[in-house]
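Please look through the sequence and the model shown here before reading on. The explanation is meant to be followed with the structure open alongside.

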Amino acid sequence: MKPELAAAMRKTLALLALSLAPAVHAAPLAVDATKSELVFISKQMGVPVDGRFRKFTVKLDFDAKKPETSKANLEIDIASIDAGGPDADGEVVRKPWLNAAQFPKATFTSTAVKSLGGNRYEVTGPLTIKGKTKVVTAPLTVKPQGAQQLFEGAFQINRSDFGIGDGPWNDPETVAFEVQIRFRIVAQPAAAK
Amino acid sequence: MQRYTSVAILFHWLIAAVIFGNFALGVYMHELPISPTKLRLYSYHKWAGVTIFLLVVLRLLWRFTHRPPELPARMAGWERATATLAHVVLYSLTLLVPLTGWLFSSAKGFQTVWFGVLPIPDLIARDLVLADVLKEWHESLNFLMLAVVVLHVIAALKHHFHDRDDVLVRMAPWVRRPR
């Protein structure tokens with residue numbers, strides 16, 4: 001059996017099992033990868049420079065009525081980075097920066113989703129980049145976008161917490177330690193796919 | 001002897017010095033492997049480029065409101081025409097070189113922030129294909145400027161040592177007049 005087919009069947013079975021089981025989880029959503037984006041903004045010599053990851057997978061369970069049961073899981077393909085051009089792309093996957101050869105994935109798994117009232121939430125969970133883990137908290141806004149929903153937010157990390165930019169680059173004067181991460185995830189209820 | 005105003009003389013030598021330094025920096029930095037030093041040098045180069053552009057604008061305002069001394073009477077018509085043309089080209093290049101550098105930086109996706117404080121708006125969005133074209137322009141105009149500067153220096157020395165006129169001294173009053 002083709003692996004994609006097997007995966008699809010597993011997904012369907014899991015969905016079936018989920019729909020038959022008592023609702024312990026919020027509803028899983030189908031993420032629209034073409035409309036979703038993961039952007040990071042660094043500051044080089046005082047100049048904001050943005051980049052993005054072209055490939056990442058998001059698993060999202062979300063129920064506005066029971067936000068605390070929501071779950072988010074993010075897996076980023078480090079090698080898919082777009083850091084502004086071929087020179088920068090080649091540099092940032094090297095050992096001093098993200099070391100993509102040894103750490104090809106960065107991950108985030110939510111451990112808590114808190115409602116802040118209205119359509120605003122707060123997501124907390126461990127973020128692992130370059131083999132180093134740190135618990136981060138990100139604000140999240142959920143808005144309807146046509147038949148879909150937009151999950152949007154931004155938070156800041158300190159690149160030195162993850163050892164991103166070792167050696168001569170461990171200097172906030174040229175590339176600031178603070179890096180802003182912005183996410184825009186577009187998804188719809190899995191059934192409506 | 002009629003000489004340039006002190007302000008014109010100051011502008012000339014100050015701009016010449018900054019351009020000379022920034023040209024050398026540009027030649028040196030662009031082949032460096034990526035490093036924090038390279039990022040710093042690129043920023044310094046851009047800051048200096050913006051500074052040159054602003055100095056040239058001020059210099060031109062001064063030039064248009066203060067008539068330069070007349071050329072020596074013995075100069076032939078073609079010599080005058082060539083001198084005028086060379087000066088127009090030099091003034092244009094001192095504006096065009098920083099302009100192409102700024103556009104090149106924008107096309108690369110790096111905004112120019114003067115001295116890390118004052119952001120210069122991006123006229124064009126990130127476009128790596130256009131960036132390559134602008135890079136060629138920035139480079140070619142620089143080497144054209146180098147060629148015209150060499151001509152400019154040779155001409156000044158020819159006036160001083162061959163024609164023994166005041167053309168060099170009126171812009172460099174500390175040089176002894178030819179006898």
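The paragraphs that follow take up confidence, then each chain in turn, and then the contact between the chains.

This is a predicted model, and the predictor assigns the complex an ipTM of 0.79 together with a pTM of 0.84. For chain A the mean pLDDT is 88, with 84% of the residues reaching 70 or more. Within that chain, residues 20-24 have a pLDDT below 50, and this stretch makes zero contacts in the model beyond near neighbours in sequence. For chain B the average pLDDT is 96, and 100% of the residues score at least 70. Among the parts of chain B, confidence is lowest in strand E2 (residues 118-120) of chain B, where the mean is 94, and highest in H1(B), where the value is 98.

Chain A is built from two helices and 12 strands. Of its 193 residues, 25% count as buried. When contacts in chain A between residues at least 6 apart in sequence are considered, 56% of them join residues at least 24 apart.

Asn99(A) lies in the loop between H2 and strand E7 (105-109) of chain A, and its phi is near 45°, a positive value in a residue other than glycine. Is Asn99(A) buried, partly exposed or exposed? Asn99(A) counts as partly exposed, because it has 19 C-beta neighbours inside 10 Å, whereas a buried residue needs 20 or more.

Chain B has four helices and two strands, arranged along the sequence in the pattern α-α-α-β-β-α. Its C-alpha atoms fill a box of roughly 55 × 25 × 25 Å along the principal axes. Of the 179 residues in chain B, 20% are buried, and among its contacts with a separation of 6 or more, 67% are between residues 24 or more positions apart.

The helices of chain B can be read as two pairs. In one of them, helix H1 (residues 6-29) of chain B and helix H2 (residues 36-65) of chain B have axes that come within 9 Å and cross at roughly 155°. Because angles over 145 degrees count as roughly antiparallel, that crossing makes H1(B) roughly antiparallel to H2(B). The crossing in which H1(B) passes H2(B) is left-handed, and the contact of H1(B) with H2(B) consists, by class, of 17 nonpolar, five polar and three charged residues.

The other pair joins helix H3 (residues 77-107) of chain B to H4(B), with axes that come within 9 Å and cross at roughly 155°. H3(B) is therefore roughly antiparallel to H4(B). Here too the handedness can be stated, since H3(B) passes H4(B) in a left-handed crossing. The residues of the contact of H3(B) with H4(B) divide into 18 nonpolar, five polar and one charged.

Arg164(B) is placed in the segment after H4 of chain B, and has a positive phi of about 55° although it is not a glycine. Arg164(B) counts as exposed, because it has 10 C-beta neighbours inside 10 Å. Leu168(B) is found in the segment after helix H4 (128-163) of chain B, but it counts as buried, because 20 C-beta neighbours lie inside 10 Å. Apart from its neighbours within four places in sequence, Leu168(B) is in contact with Ala156(B), His159(B), His160(B) and Val175(B). The C-alpha atoms of Leu168(B) and Leu90(B), which are 78 residues apart along the chain, are separated by 17 Å.

What remains is the meeting of the two chains. How many residues of chain A are in contact with chain B? There are 13 residues of chain A in contact with 13 residues of chain B. On the side of chain A that touches chain B, the elements giving two or more residues are strand E3 (47-53) and helix H2 (86-92) of chain A. By class, that side of chain A has five nonpolar, five polar and three charged residues.

Note on methods:
Residues numbered from 1 in each chain as written. Chains lettered and ligands numbered in written order. Predicted model: local features only at pLDDT ≥ 70, side-chain atom pairs only at ≥ 80, totals over all residues. Axes fitted to C-alpha atoms, helices over the stretch in contact; angles between N-to-C directions. Parallel < 35°, antiparallel > 145°, perpendicular 65-115°, else oblique. Nonpolar A, V, L, I, M, F, W, Y, C, P; charged D, E, K, R; others polar. Contact = placed C-beta atoms within 7 Å. pLDDT = per-residue confidence, 0-100. Buried ≥ 20, exposed ≤ 12 C-beta atoms within 10 Å, placed from the backbone.
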